[in-house]
Amino acid sequence: MQEMRDNKGFSLVELVIVLALMAVLGSAIFYSYTLLFGQYARQCANNISAALDKEKNYALAKSATIDCYMELTKDSKGINVKYYTPSNAIAQGNSVDHWVEVAGETRKIGNKNVDVSFDLDDGSTISLAEGQSLKFIYNRTSGALKGVVSSDGATKGLPLDAGGNVVVTGKCTKITIINGRTYEIVIYPATGKHVLSRV
């Protein structure tokens, strides 16, 4: 009678099959992970694009002698948008308390892991960090992008000069949204129009 041996090990064929299965499963997991986080970038890009449209409409419809503005902020929960309209149609002095938040319009528009950066017309870039604020101001007669104001998220209102004009940080020409995938919103300040695309 032939005695059975206890084979302790894999044959080369078994090893190749196991490695192939692991590679397929690893690729599927990586692809799903990329899709999940790519979805966050896409949602945030779409929401920012819609917010820019809404702010332009507010500027054309609700501004009088004081500009409306839209504020993007980032906190520990994500990226948020708020809209502010004049509390009084006529400018009174040089106060930053001319604006009231539009009720019911504040909302989260992006996941906390999404990176958003803003290219300005002077060649500088602002990356939205936690506790930071970027305010967009559109021209109340033409709808053109008047400029943006960068500040800490606690500062209310817009900085005004002695003549009551908004002191802007610069004009935003491009917004880049990254998380697994990259999206860009190219802004044309002269008209206030913008185009969203995936890079």
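User: Is Asp-67 buried or exposed?

Analyst: Happy to look at this one with you, keeping in mind that the model is predicted. The relative accessible area of Asp-67 is 4%. Residues under 20% fall in the buried class, so Asp-67 counts as buried.

User: How far apart in sequence are the parts tied together by Asp-67 and Arg-140?

Analyst: The salt bridge here joins the side chains of Asp-67 and Arg-140. Asp-67 sits in the loop between helix 1 and strand 1 (69-75), while Arg-140 sits in the loop between strand 7 (132-138) and strand 8 (145-152), so the pair ties together parts separated in sequence by 73 residues.

User: And where is Lys-146, the residue that meets Asp-67 in a salt bridge?

Analyst: The Lys-146 and Asp-67 side chains meet at 2.7 Å, N to O. This pair links distant parts of the chain, 79 residues apart, with Asp-67 in the loop between helix 1 and strand 1 and Lys-146 in strand 8.

User: Which strands are linked by the pair Glu-184 and Lys-174?

Analyst: Side chains of opposite charge can pair when their charged atoms come close. Glu-184 and Lys-174 meet in a salt bridge at 3.4 Å, N to O. The two residues are ten residues apart, and they link strand 10 (residues 181-188), which holds Glu-184, with strand 9 (residues 172-179), which holds Lys-174.

User: Why does Glu-184 count as buried while Lys-174 is partly exposed?

Analyst: The cut-off settles this: buried means under 20% relative accessible area. Lys-174 has 24%, so Lys-174 is partly exposed. Glu-184 is buried because its relative accessible area is 19%.

User: How many salt bridges are there in the count?

Analyst: Among them are the pairs Asp-67 with Arg-140, Lys-146 with Asp-67, and Glu-184 with Lys-174. The count comes to five.

User: How many disulfides does the model have?

Analyst: Cys-68 is buried at 0% relative accessible area, and Cys-172 is also buried, at 0%. A disulfide needs a pair of cysteine sulfur atoms within 2.5 Å. On that rule, the number of disulfides is zero.

User: Which residue's side chain makes a polar contact with that of Thr-106?

Analyst: Thr-106 lies in the loop between strand 3 (99-101) and strand 4 (107-111), and is partly exposed at 34% relative accessible area. Leaving out residues up to four places away in sequence, Thr-106 touches Val-81, Lys-82 and Glu-101. The side-chain polar contact, at 2.3 Å, is with Glu-101.

User: What is the area of the nonpolar surface patch that includes Val-16?

Analyst: Val-16 is in helix 1 (residues 12-62). Val-16 makes the patch together with Leu-12, Leu-15, Val-18, Leu-19 and Met-22, and the area is about 580 Å².

Note on methods: Residues are numbered from 1 along each chain as its sequence is written. This is a predicted model: local features need pLDDT of at least 70, side-chain atom pairs count only at pLDDT 80 or more; totals for chains, interfaces and linings use all residues. Side-chain values use heavy atoms; hydrogens and water are left out. Helices (H or I, at least four residues) and strands (E, at least two) are DSSP runs, numbered from the N terminus. Buried means under 20% relative accessible area, exposed over 50%, partly exposed in between (1.4 Å probe, protein chains only). Contact means heavy atoms within 4.5 Å. A polar contact is a pair of N or O atoms within 3.5 Å; within protein, one must be able to donate a hydrogen and the other to accept it, and residues adjacent in sequence count only if both atoms are side-chain atoms. Patches are made of residues with over 30% relative accessible area and no salt bridge: like charges are joined within 9 Å, nonpolar side chains (Val, Leu, Ile, Met, Phe, Trp, Tyr) within 5 Å. Accessible areas come from the Shrake-Rupley method with a 1.4 Å probe; for residues, only the protein chains shown count as cover. A salt bridge is a side-chain nitrogen of Lys or Arg within 4 Å of a carboxyl oxygen of Asp or Glu.
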